[in-house]
Amino acid sequence: MFLVYYFLFFVFGASNALDTIAPNQSIKDGQTLVSARGIFELGFFNPGNSSKRYLGIWYKKDTQTVAWVANRVTSLSDLSGILNVTDQGNLVLLDGKDRVIWSSNISGSMRYPVLQLLDSGNLVVKDRNDSHPENFLWQSFDHPCDTLLPGMKLGRNFKTRMDRFLSSWKSTEDPAPGQFSVWIDSNGFPQLVLREGAAIQYRAGSWNGVGFTGTPALKPNDPVCDFKFVLNENEVYYKCDPTNSLVSRLWVNQTGSIERLILSSQRKTWLHAYSAPVDQCDNYSLCGANARCETNSSRVCSCLEGFVPKSPEGWSLSNWTEGCVRRGSPLDCKNGNEFKIYAGFKLPDTSNSWFNTSMSVEECREMCLRNCSCTASANSDISKKSGCLLWFGDLVDMRLRTDVQQDLFIRMVNSEQDRTDKSREVGIIVGSVGLMAILMVGLILFIRKKKLKKQGMLNSNYKKYKTGDGKEDMELWVFDIASIAKATDNFSSNNKLGQGGFGPVYKGTLQEGQEIAVKRLSKSSGQGIEEFKNEVTLIAKLQHRNLVKLLGCCIQEDENMLIYEYMPNKSLDFFIFDQTRSKLLDWLKRIHIIGGIARGMLYLHQDSRMRIIHRDLKASNVLLDNDMNPKISDFGMARIFGGDEIEANTNKVVGTYGYMSPEYAIDGVFSMKSDVFSFGVLVLEIVSGKKNRGFSHPDHYHNLLGHAWILWKEERRLELAVDTLGESRPPPEVLRYIHVGLLCVQQRPEDRPSMSSVVLMLGSECSLPDPKQPGFFSERNLFEPESSSGNTHSCTTNELTLSTLEAR
Ligand SMILES: *[C@@H]1O[C@H](CO)[C@@H](O)[C@H](O)[C@H]1NC(C)=O
Ligand SMILES: *[C@@H]1O[C@H](CO)[C@@H](O)[C@H](O)[C@H]1NC(C)=O
């Protein structure tokens, strides 16, 4: 191998296509090394418009994106730079006057060292006959700049005390370390943090075996690369091993955002997969100690149960930094303590925590209970259901994250005083003991019964459930399982309306004659009963003409069911994709349906009190009432089911192939713009009467989006709609709907309009921007193989999606 390189060098000495050089050879300004498959290139460059020269590694396909810089701090002022490899394998960068600008400072040495640029972007000094990473004499992966490439470790080696961290560039013209840095903070239980200077700005949180508790992204089995967290006595690190030929990077930019980007090789642009921090609750300790943060809530910060604001005046002025203190006396263990279980939280700052990864859950709680200064405990690894994490003192930087399925046990003082306070605070939960509660429930039942009589639901078993914050007086029917079984004829298959991703749906008739639809959730959401009820109550509060009305729920014997109003006309897919039935939906009705869906989505995204991202908008989730008004169903299911949790062994389907936006399918990142994408697909389906998934055309292999795009480019725009209603010609305004549909399915989320713009565009004559190429318009177009020379690393987006998401 070595000889071959030598030979090549000898023959093509002036060529740039080498990836390796040997001692006593050098790289002058203007010469480069290129990795074997042509992914990375090493050489001299000017950052931005600066005239300074630096030695660095960039992407061959995007020379503007520099992944690593050798001489970050000391620049070269002219083109005289030269990189030498010494006999011992040391790298030395000299300027024109032979002054050392930068050096790899290797202490050891090697018999036959060579310098090689690998396809991973790693620049290594290794023995010419030994490619084992453990034996590298030096590697650039040990000295990250602002970019974490797949295969690179971020973390600390306890033995050598070496920290591998990212630091932002000062500016686009100056690669010297800037203000922001990303670390694995190994004080206490290790956690991933973003710092500004020395101060923590954002905590992606600790690793719980499944993900980081502070961010929904960055987890194992990511379609792009395989994120790992390793903690042992030698080292702690996070690493993302490449799983396929997609080119991706994680970096910290100059304004302090951690971003994950994927290179679209076709368009040579970087697709945005993930960035953090995201919202105000990501600001470190915004709410101070012992409080939780909830974005999009009327109160951003609220004290944990049993705690009160330290400074009530400050608190009322939204100055939360002082946080909350324990109500009454400080922790007193004489009267006995109990633990309150919280679920759905980003775990508190672990920098002062204690941990032991081999303890069991019981031992852990026991240990916390025994030590009076222990304030909280949790499992350190929820995938193994083991390990112990204990906090002493204040709990800092907690936020609500319903997709975190981890219990946090917080110590409560068990005094009578506190108990009554607590019940006042959480509101009255049916079944609680206090006399007051019994009286209230009696009263409520009485009032409800009177109301129910009018609604014809008299003999069903129901209870009222009041939500936790004590202010909202929202009610929810809690049905008895017996009455639901009766209503659905014991869930007989005759009554089955369909099978959704979350479980089967049955038609039912209550004793009083009211028709209902019962969604029997296939598996418990992993939430506790109270959390489930809370979630359902929140969702029941969403009321809009174009949303299906949630009447109540039933939680019993491990069964979770949701009870909806019954929609006699089934769902949209039943009509638009059926040759005969589709004739019942004329153009006016179709336009009316699209408008209704748009308004319903706008309400979910913007006008309701909590922002809901649907995540599974599709034709079968749009139901039709008697007058063919569209009603969106399954909204809020993602919330109940813990968001983007992907579990191959359950029926938790989190999206539907054909409606998923690229950024979601690839990185599991949702935003309102991914819903907009699904909406766009739906619009084109309604207009064309064709399914996006499974679409075929004699002239090309594209899906419906690709077909619409071709017709659009070729100015045959209305042809998309010609087959839809046979003889009835599509009216000209259909063009606007196609146009808006294409705007919604554009590749880049930031190019897609928001739902409010969509509603505006559909309802007015204003001129619309030209759509750019849609995302996922072909099964193959997004990521091509790395080279056009018949590379076998090809990886279609189709495979990607199917391997990680259960498509249906
Ligand atoms: C850094 O990333 C954030 C989030 O993606 C973005 O809003 C910001 O403009 C970026 N800053 C720079 C200088 O690229
Ligand atoms: C309780 O835990 C703290 C912190 O780990 C420790 O310093 C203290 O000795 C413990 N107390 C008891 C009684 O174990």
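A residue counts as near a molecule when one of its heavy atoms lies within 4 Å of it. In this predicted model, N253, T255, S257, E259, H272 and S275 surround ligand 1. This shell divides into 5 polar residues, 1 charged residue and no nonpolar ones. For E259, a side-chain N or O atom is 2.6 Å from an oxygen atom of ligand 1. The side chain of T255 places an N or O atom 2.8 Å from a nitrogen atom of ligand 1. On its own, ligand 1 has 360 Å² of accessible area, and the protein covers 52% of this.

Ligand 2 is surrounded by N371, S373 and F392. The protein covers 31% of the 360 Å² of accessible area that ligand 2 has on its own.

The salt bridges were examined next. Side chains of opposite charge can pair when their charged atoms come close. The structure holds 27 salt bridges. One of them joins R520 and E559, with the closest N and O atoms 2.6 Å apart. This pair links distant parts of the chain, 39 residues apart. R520 belongs to strand 39 (residues 515-520), and E559 to strand 41 (residues 559-565). R520 has 23% relative accessibility and therefore counts as partly exposed. E559 has a relative accessible area of 15%, so this residue is buried, the limit for buried being under 20%.

A network of salt bridges links R748, E750, D751 and K772. Within this group, the side chains of R748 and E750 meet at 3.2 Å, N to O. R748 also meets the side chain of D751, at 3.3 Å, N to O. R748 is partly exposed, with a relative accessible area of 29%. E750 is likewise partly exposed, at 43%. D751 counts as partly exposed at 23% relative accessibility.

D127 lies in strand 11 (residues 123-127). D127 is buried yet has no salt bridge. Its nearest side chain of opposite charge is that of R128, 5.6 Å away, whereas a salt bridge requires a separation within 4 Å. A polar atom of the D127 side chain does lie 2.8 Å from the backbone nitrogen of N129.

D625 sits in the loop between strand 42 (622-624) and strand 43 (630-632). D625 is also buried and without a salt bridge. Here the nearest side chain of opposite charge belongs to K631, at 4.5 Å. The D625 side chain reaches the backbone nitrogen of D627 at 2.9 Å.

Several backbone features fall in loops. A276 and P277 are joined by a cis peptide bond, with omega about -5°. P277 is in the loop between strand 24 (269-276) and strand 25 (291-293).

R615 has a phi near 75°, a positive value in a residue other than glycine. R615 lies in the loop between helix 9 (587-607) and strand 42. At 22% relative accessibility, R615 is classed as partly exposed. E715 also has a positive phi, near 60°, and is not glycine. E715 is found in the loop between helix 13 (704-713) and helix 14 (734-744). With a relative accessible area of 59%, E715 is exposed.

Methods
Residues numbered from 1 in each chain as written. Chains lettered and ligands numbered in written order. Predicted model: local features only at pLDDT ≥ 70, side-chain atom pairs only at ≥ 80, totals over all residues. Heavy atoms only, no water. Polar contact = N/O pair within 3.5 Å; in protein donor to acceptor, adjacent residues only side chain to side chain. Areas by Shrake-Rupley, 256 points an atom, 1.4 Å probe, with all protein chains shown as cover. Nonpolar A, V, L, I, M, F, W, Y, C, P; charged D, E, K, R; others polar. Helix = DSSP H or I, 4+ residues; strand = E, 2+ residues; numbered from the N terminus. Buried < 20%, exposed > 50% of the residue type's maximum accessible area, 1.4 Å probe, protein only. Lys, Arg positive; Asp, Glu negative; His and termini not counted.
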